[in-house]
Amino acid sequence: MPELPEVETVKRGLEKELVNHKVLKAVIYYPNIISAPILSEFQQQIKNQTIHKMNRYGKWLIFELDDYALLSHLRMEGKYFFRTKKDPISKHEHVVFELDDGRELRYHDTRKFGRMYLLKKEDIYHVPPLSKLGLEPWDNLLTVKYLKEKLKNKTIPIKTCLLDQSIIVGIGNIYANEILFMCHISPFKKSNKLTAKELEKVIEYTRKILKEAIEMGGSTIRSYHPREGVDGLFQQRLFVHGKEHEKCPNCGTMIQKKFINGRSSYYCPCCQK
DNA sequence: GTGACCACCTGGCCGC
DNA sequence: TGCGGCCAGGTGGTCA
């Protein structure tokens, strides 16, 4: 389940392999992956475009091409693999990009949740999906004042707001649980009730945890791997996520799991009051 | 504007 | 062993 650190790891891996290579052709086996434009236009427009740079905004991967940008969201289980033409297409490979050096970049997604957009390069930050997103964790505009403004009318739990990509981008369920644990904030606390000090902590630990996770290659949880055959290491540093019935590393109280807005939320009832 | 809920998907796991 | 049902979860859409 790729969150910002995992997407950043994928981006760095792809960058080394793809920059200055040309996409000769795209073959789509599962059309629902392509959100825009329509299939025929997508295939026509991406033809013979050179990949100049790999970028990322939140959980979106951005392939910067000559005239367009390919936006790719991995959602739950999306992965990119390099194959050759000789390799048979597996049942979970839904989009194949033929490259100018004989390799194929294949998008693999067991659950078919991932989505791609091909947009005019100059438009990507002005139209959905990127135009609707909030700030990157390291953006200087991410301040206590910004969060206060965003959360002032929010009566929903802070855990839910941390997952809201229109506020801060890149945080998913795993890191939201870890951030709130480090901040000693209950995931159930109403978002508009957080003090300035607590918001400051949220910013501090969001940056700290995501930075550390990137350095460790992200987390390998369930079926997600940053690259083929490569495991992220950050799951070894998780304190509460997936640790139900284990002892809190701070106080020894049993970690609890409860559902908040349908998402599994792990927390220490003693440290996170 | 806000919040709750559902659909999208499939593999893995659990209980019967 | 086989089957059914639940769970995992990011996002967009719909509805109140």
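This report covers the domains, helix packing, backbone exceptions and DNA surroundings of a predicted model.

## Basis of the model

Residues are numbered from 1 along each chain as its sequence is written, while chains are lettered from A and ligands numbered from 1 in the order in which they are written. In this predicted model local features need pLDDT of at least 70 and side-chain atom pairs count only at pLDDT 80 or more, whereas totals for chains, interfaces and linings use all residues.

## Domains

Chain A is split into domain 1 (4–132) and domain 2 (144–267), with bounds that come from an automatic or database domain assignment. Taken over C-alpha atoms, the centres of domain 1 and domain 2 are 28 Å apart.

Two packed helices are described by the angle between their axes and the distance between the axes. Helices (H or I, at least four residues) and strands (E, at least two) are DSSP runs, numbered from the N terminus. Axes are lines fitted to C-alpha atoms, for helices over the stretch in contact, and angles run from 0 to 180 degrees between N-to-C directions. Helix 3 (residues 144–151) and helix 6 (residues 196–215) have axes that come within 9 Å and cross at roughly 110 degrees, which means that helix 3 is roughly perpendicular to helix 6. Angles under 35 degrees count as roughly parallel, over 145 as roughly antiparallel, 65 to 115 as roughly perpendicular and the rest as oblique. Val144, Leu147 and Lys148 of helix 3 meet Ala196, Leu199, Glu200 and Val202 of helix 6; contact requires C-beta atoms, placed from the backbone, to lie within 7 Å. The residues of this contact comprise five nonpolar, no polar and two charged. Here Ala, Val, Leu, Ile, Met, Phe, Trp, Tyr, Cys and Pro count as nonpolar, Asp, Glu, Lys and Arg as charged, and the others, Gly among them, as polar.

The axes of helix 5 (residues 173–183) and helix 6 come within 9 Å, crossing at roughly 125 degrees, so helix 5 is oblique to helix 6. Among the contact residues are Tyr175 and Met182 of helix 5 and Tyr205 and Ile209 of helix 6. This contact divides into eight nonpolar, one polar and three charged residues. Helix 1 (residues 4–18) packs on helix 6 at about 35 degrees, with the axes 8 Å apart, and this crossing is also right-handed. Leu4, Pro5, Glu8 and Thr9 of helix 1 contact Leu210, Ala213 and Ile214 of helix 6.

## Backbone exceptions

Most residues other than glycine have a negative phi, and most peptide bonds are trans. Ala36 and Pro37 are joined by a cis peptide bond with omega about -5 degrees; Pro37 is in the loop between strand 2 (34–36) and helix 2 (39–46). The bond from Pro128 to Pro129 is cis as well, with omega near 10 degrees, and Pro129 is in the loop between strand 10 (115–120) and helix 3.

His184 is not a glycine, yet has a positive phi of about 60 degrees. His184 lies in the loop between helix 5 and helix 6.

## DNA surroundings

A residue is near a strand if its C-beta atom, placed from the backbone, lies within 6 Å of it. Residues around DNA strand B include Asn32, Arg111, Lys112, Lys154 and Asn261. The surface near DNA strand B has two nonpolar, five polar and three charged residues.

Around DNA strand C there are 14 residues, of which Lys59, Pro129, Gly172, Asn173 and Ser264 come nearest. The surface near DNA strand C divides into five nonpolar, five polar and four charged residues.

Definitions and conventions. Contact = placed C-beta atoms within 7 Å. Left-handed = near helix turned anticlockwise from the far one by under 90°.
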